[in-house]
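Reader: I am new to reading protein models, and I would like to understand what the terms rest on. Could you take me through this one?

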Amino acid sequence: MKNHAKSDVRPPEGGRRRVLVESPSPAVDGGRHPAKRILGDRVVAECDLIADGHDAIAGRVLFRRAGESAWRNAPLEPGPNDRWHAAFVLDAVGRWELVFEAWIDAFTTWRRGTEKKLAAGQDIGVELAIGSRLLAAGALRASLGVRALLNEAATNVASNGRPQPERFAEATSDLVVRAMAGAPDLENATRTEPLPLVVDPPLARFSAWYELFPRSCGAPGKHGTFRDVVERLDYVASMGFDVLYLPPIHPIGKAFRKGPNNTLTAGPNDVGSPWAIGGEGGGHKAVHPELGTLDDFRRLVDEARARKIEVAMDIAFQVSPDHPYVKEHPDWFIQRPDGTIQYAENPPKKYQDVYPFDFECKDWVGLWKELLDVFLFWCSHGVRVFRVDNPHTKALRFWEWCIAEVKQRHPETIFLAEAFTR
């Protein structure tokens with residue numbers, strides 16, 4: 001007979017990790033996107049824990065704010081059908097991380113098995129020697145406050161001069177059991193990859209929004225200003241609103257300016273659509289000169305916050321033909337064969353006064369960076385709530401990146417999507 005050739009294939013790393021951790025939650029798309037909660041929420045973290053044989057399983061959930069070095073933890077408790085759970089309270093706004101950790105609990109396995117043998121009247125001398133070794137090992141892992149307790153228990157359990165039931169009782173007292181649970185053997189623990197969790201301010205769960213056009217707040221026949229809006233804040237607050245939503249406050253383009261009700265011809269006194277952003281006065285990082293200055297806007301934000309009202313700013317990532325981006329970055333837009341730039345359409349409707357961005361342009365990195373900087377600019381002027389116009393017409397991966405970057409710097413920021421699709 002021919003000799004059998006031995007395989008030189010090496011098993012994967014972690015073969016001694018016998019506990020499987022499955023279906024952890026809360027999670028969105030397996031952890032690709034963060035789950036969302038509100039400051040002060042009690043999070044219930046769950047997972048399935050499965051292992052071979054009849055050994056006892058133990059586990060915990062580790063949690064911390066992203067960037068912190070130390071983990072906090074809560075023990076996992078068993079539920080029906082191998083589903084384990086733990087709970088903790090979120091005490092800070094921002095991005096958090098959750099990790100599940102599980103292991104074979106050798107001490108609990110020993111305690112349960114030895115208890116059955118003792119109840120059956122069997123000799124447990126060898127079992128007590130094993131328990132002594134487990135207690136001594138636990139003492140090495142334990143904190144200073146309980147190390148002496150476990151060392152003493154290990155010594156007494158190994159003392160042959162005392163009755164076995166008495167020695168076992170001392171090894172399994174409530175104090176000893178709690179001390180051993182706090183000093184688990186994690187050498188072969190299974191640990192999951194961190195799951196992201198975003199914690200938002202309470203305003204993200206529920207808020208009452210009041211919308212107004214600042215240009216409509218002036219005296220009859222006069223263009224309103226940010227200062228005029230400040231004068232109306234007490235009125236808004238008296239009705240119980242906690243968000244003041246402003247449509248775009250930027251300079252408005254003149255090219256192809258629309259008249260009332262989207263008519264194609266604008267009169268000499270028609271101010272145009274606020275969503276046709278950009279003109280001689282600047283673009284997305286400027287304010288319409290008739291509304292006031294950036295300092296006036298910041299005063300509005302501060303005065304509103306003093307009344308427990310947040311100013312929500314409209315972010316519309318589109319431009320008028322007069323926007324500085326059109327001259328500075330023509331490659332950010334779709335160039336048509338006739339040499340013109342593609343304007344916005346919703347056939348049969350046409351919006352000649354608005355150019356959408358091309359998120360498939362070659363300079364998409366530069367475009368993404370600039371759009372992120374628009375958010376960061378207004379965050380620097382105190383804005384923490386954004387209503388985003390038609391986000392579904394911009395690349396989904398852009399929002400995944402942009403929102404994460406904004407919230408990394410300003411974790412209390414809230415985004416509200418205006419969208420007409422799923």
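Author: The largest nonpolar core has 49 residues, and those with the most contacts inside it include Ile249, Phe297, Phe357 and Trp378. This is a predicted model, in which local features need pLDDT of at least 70 and side-chain atom pairs count only at pLDDT 80 or more, whereas totals for chains, interfaces and linings use all residues. Residues are numbered from 1 along each chain as its sequence is written, and side-chain values use heavy atoms, with hydrogens and water left out.

Reader: What makes a set of residues a nonpolar core?

Author: Its members are buried Ala, Val, Leu, Ile, Met, Phe, Trp, Tyr and Cys residues joined through side-chain atoms within 4.5 Å, where buried means under 20% relative accessible area with a 1.4 Å probe and protein chains only. Helix H10 (residues 364–379) gives the largest share of this core, ten residues. A second, separate core of 24 residues includes Cys47, Leu76, Trp96 and Leu98.

Reader: With which residues is Phe357 in contact, leaving aside its neighbours within four places in sequence?

Author: Phe357 is in contact with Phe317, Gln318, Val319, Tyr325, Trp332, Phe333, Leu367 and Leu371, and contact means heavy atoms within 4.5 Å.

Reader: How many nonpolar, polar and charged residues does the lining of the largest pocket have by class?

Author: That lining has 21 nonpolar, seven polar and ten charged residues, because Ala, Val, Leu, Ile, Met, Phe, Trp, Tyr, Cys and Pro count as nonpolar, Asp, Glu, Lys and Arg as charged, and the others, Gly among them, as polar.

Technical notes. Buried means under 20% relative accessible area, exposed over 50%, partly exposed in between (1.4 Å probe, protein chains only). Helices (H or I, at least four residues) and strands (E, at least two) are DSSP runs, numbered from the N terminus.
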